[in-house]
Amino acid sequence: MPADYDSRFSPITRLYLFTSVVSIALNATFFTYILCADKMYDIGRCRSSWVLMLLPAIELVKHYYVRTAFRLDGTAKTSGSGQSSSKSGSKLQPRRTSPADELAGTVMVFLLAMLFYGFICLILGAPLEQFEETVSLSVVLTTLTIFPVVLFIGHSETLQLLFTESLELRTPLANGYLTLLKNNCIGVILGAWGASVVAPLDWDRPWQVYPVPNVVGAIGGAFGMNIYTLLSTTYFAFCKAGRTRGIV
């Protein structure tokens with residue numbers, strides 16, 4: 001990054017801008033691919049199309065790129081690690097899990113999230129006979145919401161976050177990135193739910209077939225939330241810079 005860019009914006013602002021731009025570029029690339037390759041109507045059939053496997057790959061690339069660029073630490077802050085550790089003369093070490101245990105935990109959380117999303121889809125009216133389509137939608141929703149969080153903070157902290165909604169990481173920058181992931185989850189869920197309005201319309205279009213609008217809505221929701229984050233962060237950053245210089 002340029003020197004003037006680093007001096008103008010705070011680390012959390014740079015993180016938000018950088019992550020939003022990367023997410024927008026990757027989501028736009030994925031959506032352009034499924035349109036140009038005529039894969040739009042295969043996203044509801046997970047067994048006959050490998051296109052859904054691109055989403056986890058995209059999230060992996062984005063996660064490691066952002067985490068490496070900003071040296072993010074997804075370790076949770078341990079309670080009482082300040083004064084108590086200094087008095088006893090020993091530092092509390094975070095609990096470490098082996099890569100195999102972490103992988104097994106990640107798969108477990110992923111499957112649990114898929115079951116939850118599938119159950120919600122059925123409650124909201126998904127046809128029971130379209131099992132494959134519901135599984136495809138659950139995979140997409142889990143990949144865009146839970147999977148990035150698990151990659152960042154691990155499976156045990158993700159369960160803690162889901163069930164207690166209270167998790168504080170070691171650095172403000174890491175907490176800011178976690179907030180960004182939470183906002184992205186909101187955009188994905190709202191996009192998938194809002195896209196359901198086209199299903200009952202009698203237009204008889206192929207893109208109205210379940211779960212095509214919901215999958216597209218989920219990806220569009222993530223895209224829209226990143227656009228909102230980019231614009232709002234840029235606006236507030238330049239307003240703050242303007243007030244500092246006496247312009248605004």
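**Model.** I am working with a predicted model, where local features need pLDDT of at least 70, side-chain atom pairs count only at pLDDT 80 or more, and totals for chains, interfaces and linings use all residues. Numbering starts from 1 along each chain as its sequence is written, and side-chain values use heavy atoms, without hydrogens and water.

**Fold.** I found nine helices and zero strands. Both are DSSP runs numbered from the N terminus: helices are H or I of at least four residues, strands E of at least two. Of the 248 residues, 44% are buried. Buried means under 20% relative accessible area, exposed over 50%, partly exposed in between (1.4 Å probe, protein chains only).

**Salt bridges.** I looked for a side-chain nitrogen of Lys or Arg within 4 Å of a carboxyl oxygen of Asp or Glu. The count is two. E59 pairs with K62 at 3.3 Å between the closest N and O atoms. Both lie in helix α3, three residues apart, and both are buried. K77 meets E168 at 3.1 Å, N to O. K77 sits in the loop between α3 and α4 and E168 in the loop between α7 and α8, so this pair ties together parts 91 residues apart in sequence. K77 is partly exposed at 42% relative accessibility. E168 is partly exposed too, at 47%.

**Nonpolar patch.** I checked F119, I123, L124, I186, L190 and W193, which make a nonpolar surface patch of about 710 Å². Patch residues have over 30% relative accessible area and no salt bridge; like charges are joined within 9 Å, nonpolar side chains (Val, Leu, Ile, Met, Phe, Trp, Tyr) within 5 Å. Areas come from the Shrake-Rupley method with a 1.4 Å probe; for residues, only the protein chains shown count as cover. Helix α8 gives the largest share, three residues. F119 lies in α5.
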